[in-house]
Amino acid sequence: MAYVLLGLGSLLSLVAFVCAILVVVKMFQNNQTGMGVASLIGLFICGFGYIITLIFGWQNKAAWKLESVMPIYTASFILGIVLFIPGYGMLIASMAQDIQ
C-alpha cells in the first residue's frame, strides 16, 4: 500500500512540476524575468519555486490565460503532498519492522 501511495504521489508531483514550468514560461513571456529565474532556481534548490509559481499563477490567472492550469496545479501539488505523508510513514514503519 505504501508503494501505491508513493507512486500516485509521484505522478501528481510530476503533473505539478509540468504545471509549474508552464507558469514559469508565462512569467518569461510577460516580462517577469526576475521572478521566472527565481522560480526556476527555487524549483530545483529548495522547492520554494512551487510556492512562488502558485502565488504568481493565481494572481495573474486571467491575464496570463492560466484558468485551466491553476486548479490542476494546485490540486496535484496538494494531493501529491497528502499522499506522500502516509506513504512514507507506512514505508518507514515497514522498514523498521523488517530490521527488527
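Let's start with A63, which sits in the loop between α3 (48–59) and α4 (69–99). This is a predicted model, and in it A63 is exposed, with a relative accessible area of 60%.

Now for the inside. The largest nonpolar core has 16 residues, and V23, Y50, L66, M70 and Y73 make the most contacts within it. Two or more residues come from each of α1 (2–29), α3 and α4. The largest share, six residues, is from α1.

Y73 is worth a click. Leaving aside residues up to four places away in sequence, Y73 touches A16, C19, A20, V23, Y50, T53 and L54. Y73 also belongs to a cluster with Y50 and F77, linked by ring pairs.

What about the aromatics overall? The structure holds four aromatic pairs. Here are two of them:

| Pair | Geometry | Centre to centre | Angle between planes |
|---|---|---|---|
| F17 and F44 | edge-to-face | 5.9 Å | 70° |
| F84 and Y88 | stacked | 5.7 Å | 25° |

F17 counts as partly exposed at 26% relative accessibility, whereas F44 is exposed, at 57% relative accessible area.

The other pair stays within one helix. F84 and Y88 are four residues apart in α4, so about one helical turn separates them. Y88 is partly exposed, with 42% relative accessibility.

How values were computed:
Residues numbered from 1 in each chain as written. Predicted model: local features only at pLDDT ≥ 70, side-chain atom pairs only at ≥ 80, totals over all residues. Heavy atoms only, no water. Buried < 20%, exposed > 50% of the residue type's maximum accessible area, 1.4 Å probe, protein only. Core = buried A, V, L, I, M, F, W, Y, C linked by side-chain atoms within 4.5 Å. Contact = heavy atoms within 4.5 Å. Phe/Tyr/Trp six-rings, centres within 6.5 Å; stacked < 30°, edge-to-face > 60°.
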